[in-house]
Amino acid sequence: MDSVLRFLVFGDQGQRGRMLFTLDKHTGEIRVKGQIDYEAASVYKLDVQASDKGQPPMTTDCRVIVKIEDVNDNKPEIEVTSMANMVPEDSKHGTVIALISVTDTDSGLNGKVLCRLTENVPFELKPSFKENMYSLVTKEILDRESVSHFDISIIATDCGEPPLSTRKTLSIQVSDVNDNMPEFSHNPLELYLTENNAPSASIFSVSAYDKDINDNAALSYHVLRGQGGHNDMASFLNINSENGHISALKSFDFETLKKFQFQVVATDSGTPPLSSNVTVNVFILDQNDNAPVIMYPLSSNGSAEGVEEIPRNVNAGHLVTKVRAYDADIGYNGWLLFSLQEVTDHSLFGLDRYTGQIRTLRSFTETDEAEHKLVILVKDNGNVSLSATATVIIKLVEPKEAFAASDVKSAAKVDEEDNVTLYLMITLGAVSVFFLVSIIVLIAMQCSKSTDYTSKYLQETNYDGTLCHSIQYRSGDKRYMLVGPRMSIGSTIVPGSHANTLVLPDRRRASEEELRFSTRV
């Protein structure tokens, strides 16, 4: 008997069956000859016909159903259905970034897929109500200034044996929002500016930085103006709004202004704009721009000239006069040195270099001239020294004439001292009058109080109420009372009272003695 394999065709399954299976016509064994794929077909139906070799041949038919068992031979597939490549850094928690679907053509556990993120990122996967659907959402606050770009790896793994997995990387850029104010490197700033600066020239520059980008980091500068008064130095400053260069509209003078401060505001171009300010402390530095001014000697016409008369009989070291000068500058620029520029006789007079005192170097002789001219040079110690000169005419006179001149000067000095004394006496008198008036007012206020208040200090039956002011105190066994100018004490006065201090009888002690006497009885 021969066996013949015959297929029934259901759609294209019969054709696929012939390609995958073969039948041994003698033994009836069905063998696989192609690649079996469960995902292509899970069941094959084979119609087998067996026939003998008789005449006529007899046949019979049967159907062989081949069920394919699934194995885990397919990796999961990840598909991103919707995604936002740019995520604002101010996105709220739970903002959806992407929608992800996962598929696995295997069946059963081989087709069950689990998804996760590999890195520690501020995002998470949340499963959807549909199977194998996930949402990629934010789980933390984003900060573009810390991390501006994320590469998120998603791994999908099935539950087969062995498990198969797939990785997909999503690239997400964090977009900037205006959440950072401009910042200055130091606050406050210090500017040391030499006086006599050129007007409209640049004197300083400020610079701020912003952690944001693009328009959010585009900065502009302006000086914070005050009320615009005379003391508002900011009104004399101008700033370039783009680069922060500051220029002064006037020349500053150290002698009239030592320091001042102003504020610069930096504002970004974001929406809404953010700003911050910095305080600039300006210290004006001194320049040697003031020549010494002679204070003494000074003539009536304003020139630095003077005449000094000294007796001929003075000894060496006698103080003739002192040249006084003043320099408005400070430091070395205002440190003055004195020197003799011109002198009639170098052996007669000496000049102290630092104090300006002119003293005799020796005693005068009959051969010395009666008049000597000294020209004193006063100069400062600036890099470029400035100087002034004073002329002193020294006349040698006989002692009587010198004493007369001295008396005239002394009288003028006494007049000045008398004037000062008069002013002091007037001031002292005014203070004394004010003090007396204050005392009288206080006494009047005490007299205006009620007799009940007064009586608690003086509980005497003979008191007629004319005491203006009284204060009682105790010292040892005696009581004392300080009273005002008007009093009528009567029986309260006891021996030992004097002036406005009264010794009062101690009623407490008398009561104790009466108590002792009654006890004895």
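How many bridges join strand 28 to strand 29, and in which sense do the two strands run? Three bridges join them, and the strands run antiparallel. Before I continue, a word on what we are looking at. This is a predicted model, in which local features need pLDDT of at least 70 and side-chain atom pairs count only at pLDDT 80 or more, whereas totals for chains, interfaces and linings use all residues. Residues are numbered from 1 along each chain as its sequence is written, and side-chain values use heavy atoms, with hydrogens and water left out.

Let me also settle two terms. Strands (E, at least two residues) and helices (H or I, at least four) are DSSP runs, numbered from the N terminus. Two strands are said to pair if DSSP finds at least two bridges between them.

I return to the opening pair.

Another open sheet has four strands, in the order 24-31-30-27, and its pairing is mixed. Here the edges are strand 24 (305-311) and strand 27, each pairing on one side only. Neighbouring strands of this sheet are turned by 30° against each other on average, direction ignored. Strand 24 runs parallel to strand 31 (residues 387-397), and seven bridges join them. Glu308 has Ile394 in strand 31 as its bridge partner.

Next, please look at strand 22 (residues 275-285). Strand 15 (residues 189-194) pairs with strand 22 in the parallel sense over six bridges, and Tyr192 stands opposite Phe283 in strand 22. Strand 21 (residues 259-268) pairs with strand 22 in the antiparallel sense, over nine bridges. In that pairing, Val264 stands opposite Val278. A hairpin of six residues joins strand 21 to strand 22.

I now turn to the charged side chains. A salt bridge is a side-chain nitrogen of Lys or Arg within 4 Å of a carboxyl oxygen of Asp or Glu. How many salt bridges does a search of the whole structure find? It finds six. One of them joins Arg31 and Glu29, at 2.9 Å from N to O. Another joins Glu145 and Arg144, whose closest N and O atoms are 3.2 Å apart. Arg144, Glu145 and Asp176 are linked in a network of salt bridges.

Are these residues buried or exposed? Buried means under 20% relative accessible area, exposed means over 50%, and partly exposed lies in between (1.4 Å probe, protein chains only). Arg144 is buried at 11%, whereas Glu145 is partly exposed at 23%.

Arg362 and Asp345 also form a salt bridge, with the closest N and O atoms 3.6 Å apart. This pair links distant parts of the chain, 17 residues apart: Arg362 lies in the loop between strand 29 (357-360) and strand 30 (371-379), and Asp345 in the loop between strand 27 (337-343) and strand 28 (349-351). Arg362 is partly exposed because its relative accessibility is 25%, and Asp345 is partly exposed at 23%.

A cis peptide bond joins Gln55 and Pro56, with omega about -5°, and Pro56 is in the loop between strand 4 (43-51) and strand 5 (59-67). The peptide bond from Glu161 to Pro162 is also cis, with omega near -10°. Pro162 is in the loop between strand 12 (149-158) and strand 13 (165-175).

Ser200, a residue other than glycine, has a positive phi near 75°. Ser200 sits in the loop between strand 15 and strand 16 (202-205) and is exposed, at 57%. Asn214 likewise has a positive phi, near 55°. Asn214 lies in the loop between strand 17 (208-209) and strand 18 (219-224) and is exposed, at 65%.

Finally, the cysteines. The structure holds zero disulfides, a disulfide being a pair of cysteine sulfur atoms within 2.5 Å. Cys62 is partly exposed at 41%, whereas Cys115 is buried at 17%.

Technical notes. Axes are lines fitted to C-alpha atoms, for helices over the stretch in contact, and angles run from 0 to 180 degrees between N-to-C directions.
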